[in-house]
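The exercises below are to be worked with the sequence and the model side by side. Try each task before reading its solution.

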Amino acid sequence: MLRFKQYGIAYLFLAPSLIGLLVFILYPIVDSLYLSFTKWDGLTPIKWIGLDNYRDLLTDDTFKISLINNLYYTAVTVPITIALSILLALVMNVKVRGIKTFRVLYFFPNITASIAVGIIWAAMFTQYGPINTILRFFGASNPPSWLASTSLALPAVMMVSIWKSVGYNAVILFAGLQGVPRQLYEAAELDGAGRFKRFLHVTLPGLSPVIFFSVVTGVIGSFQVFDTVMAMTQGGPGRSTNVLVYYIYNSAFQNYHFGAASAMSYVLFVIILIVTLIQLRVQKRWVTY
Amino acid sequence: MEMAAGEGVNKTIGFGGKQVLRTTLTYILLLIVCIVTVLPFVWMLSGSLKNQATIFQHSMQLIPTQPLWSNYSDVWSKIPFGTFYLNTIKVSVLSTAGSLISASLAAYAFAKLKFPGSSKLFLLYLATMMIPGQAIMIPQFSIMKHLDLVNTHWALILLHLFSPYGVFLLRQFFIQLPHDLNESARIDGCSEFGIFFRIVLPLAKPALVTLGIFSLLGSWNDFLQPLIYLSNEKLYTIQMGIRYFQQLNGADYPLILAATTMSLVPIILIYLFAQRFFIEGIAVTGIKG
């Protein structure tokens, strides 16, 4: 009897969170799958149409472009972000006066809202903005108007994402550096390993779990990019900066194609799941614990 | 750069020329990164005090010859900034308080209480952390529509209330607290709720503060959810407010930058006040800010 009372109390503690989880996360996961097999505009009754939404995606050009843009975005931003973050983490680990102030400043872009960051950079990327002023200073006679160019708008958005996330990843990697055992460096030094070799054979393997974490969260985040695109380009010019979440948002909340948008969100979910599972599998080859 | 970097070996013995050179180079590097990080914000501030004609004419002149403070009051006369602040404060404070309560209760159950299905449920919480929010936003919207909460702040607050990540983070913290504390309190006749409120919560202050700050930051900076749920201008949050202002004022960059600057002020203040928690919290938990 006492035991049941105990269980009851435990479930009481759990209840607020569990109800929220069931209603606002678990049920929507199932419902989203159901909606993806339907045609629904939010007003008229929901109509079951089987696999049609998914079939339509195969021939939907905008979806294809968004997916390719997103893959390109991920393939470029994640590796560059991680590489720069490792460099920055190494710099942050140097013991000089005032280093704490530098760390505080480096982290700054990450706490500011993406929408604000996007607005600032959109202004900076205009034809006569500071980016082009700097380029002219270094001799570019005719710098482009970035966000109006179908080939440069996406790279501009990617630059902003990299700029925003390097500080965050560097802080995590910096914390990881503290955990690399000092004896390993001493042993490597005794073996005559130079700085570069020590970095390659001690620092990198020691950091690999943290790097892995950064890669996984970086990939997940890059498939969810939205705010920056909204503030900088709204998917344009043309469809050159259209990404998945932007297209899902437009289909659902601008054009009221809730069924089709649900199918796209499920595809997004499955992509993230697959990429994450692949990474979990591959990590055994390069992550050392 | 791999130098002191990562090696954790502090080579500050002696003041030879080589040491001075190395320190100088380190500072140059630190400063370059600092400039790249901070310049966009400085440029924003500077641009917000210029006028349409001068902002791009001398786009790298960081100190405007005649600072145009009226830009700031102009923003206030064009949009109800005060209302946007109050809306954001309401949404962020309520959702942060709610998520701290629901997450700490559930975390306590998982960490300190025994009940059937405990480990399976916890695994479920972990699994849902992988679901991208965008994959479930359409069913969430339809739930809110059924509850008649679209175009209210409650929709945003409810969606922020249940954070599987918060449960996970706090559980990790609670589990480290010595079990004897609970036992002796129980023998003294203290109820489970009493133990939770009087013993566990006070001890968990650092973890609660970390989670609180990130939750606050998350809802303060959120853009997509308000965009989906709020169509009444009076209900806009600050992120929607600046985006709305950007749309209204197209190319009036000084005004847009003044609005953006104002949207960042509260977050910058919170950050400077609590940066220790931000950086340590991020480093320890890897929460995405």
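**Exercise 1.** In which loop is the place of A:P237?

Solution. This is a predicted model, in which local features need pLDDT of at least 70, side-chain atom pairs count only at pLDDT 80 or more, and totals for chains, interfaces and linings use all residues. Residues are numbered from 1 along each chain as its sequence is written, chains are lettered from A and ligands numbered from 1 in the order in which they are written, and side-chain values use heavy atoms, with hydrogens and water left out.

Step 1. A:P237 sits in the loop between α11 (227-232) and α12 (244-254) of chain A. Helices are DSSP runs of H or I with at least four residues, strands are runs of E with at least two, and both are numbered from the N terminus.

Step 2. The peptide bond that joins A:G236 to A:P237 is cis, and its omega is near -5°.

Step 3. The loop between α11 and α12 of chain A also holds A:Q234. Phi of A:Q234 is near 50°, a positive value in a residue other than glycine.

**Exercise 2.** Decide for A:Q234, B:D148 and A:S214 whether each is buried, partly exposed or exposed.

Solution. Step 1. Apply the cut-offs for relative accessible area: buried is under 20%, exposed is over 50%, and partly exposed is in between (1.4 Å probe, protein chains only).

Step 2. A:Q234 has a relative accessible area of 37%, so A:Q234 is partly exposed.

Step 3. B:D148 has 65%, and therefore counts as exposed. B:D148 belongs to the loop between α6 (137-146) and α7 (153-161) of chain B, and has a positive phi of about 60° although it is not a glycine.

Step 4. A:S214 is buried because its relative accessibility is 1%. This serine is part of helix α10 (residues 195-222) of chain A. Leaving aside residues up to four places away in sequence, A:S214 touches A:I82 and A:N169, where contact means heavy atoms within 4.5 Å.

**Exercise 3.** Describe how α9(A) and α10(A) pack.

Solution. Step 1. Two packed helices are described by the angle between their axes and the distance between the axes.

Step 2. For helix α9 (residues 182-190) of chain A and α10(A), the angle is about 150° and the axes are 10 Å apart. Axes are lines fitted to C-alpha atoms, for helices over the stretch in contact, and angles run from 0 to 180 degrees between N-to-C directions.

Step 3. From α9(A), the residues A:L184, A:Y185, A:A188 and A:E189 meet A:R198, A:V202 and A:T203 of α10(A).

**Exercise 4.** What surroundings does B:P254 have?

Solution. Step 1. B:P254 is in helix α14 (residues 253-285) of chain B, and its relative accessible area of 1% makes it buried.

Step 2. Not counting residues up to four places away in sequence, B:P254 touches B:G47, B:S48, B:K50, B:N51, B:Q52, B:I55 and B:N71.

Step 3. B:G189 is 65 residues from B:P254 along the chain, and the two C-alpha atoms are separated by 65 Å.

**Exercise 5.** How much area do chain A and chain B bury between them?

Solution. Step 1. Buried area is the accessible area (1.4 Å probe) that two parts lose on being put together, summed over both.

Step 2. The two chains bury about 8,800 Å² between them, with 78% of it on carbon and sulfur atoms.

Step 3. On the chain A side, A:F13, A:F24 and A:I111 lose the most area to chain B, together 10% of what that side buries.
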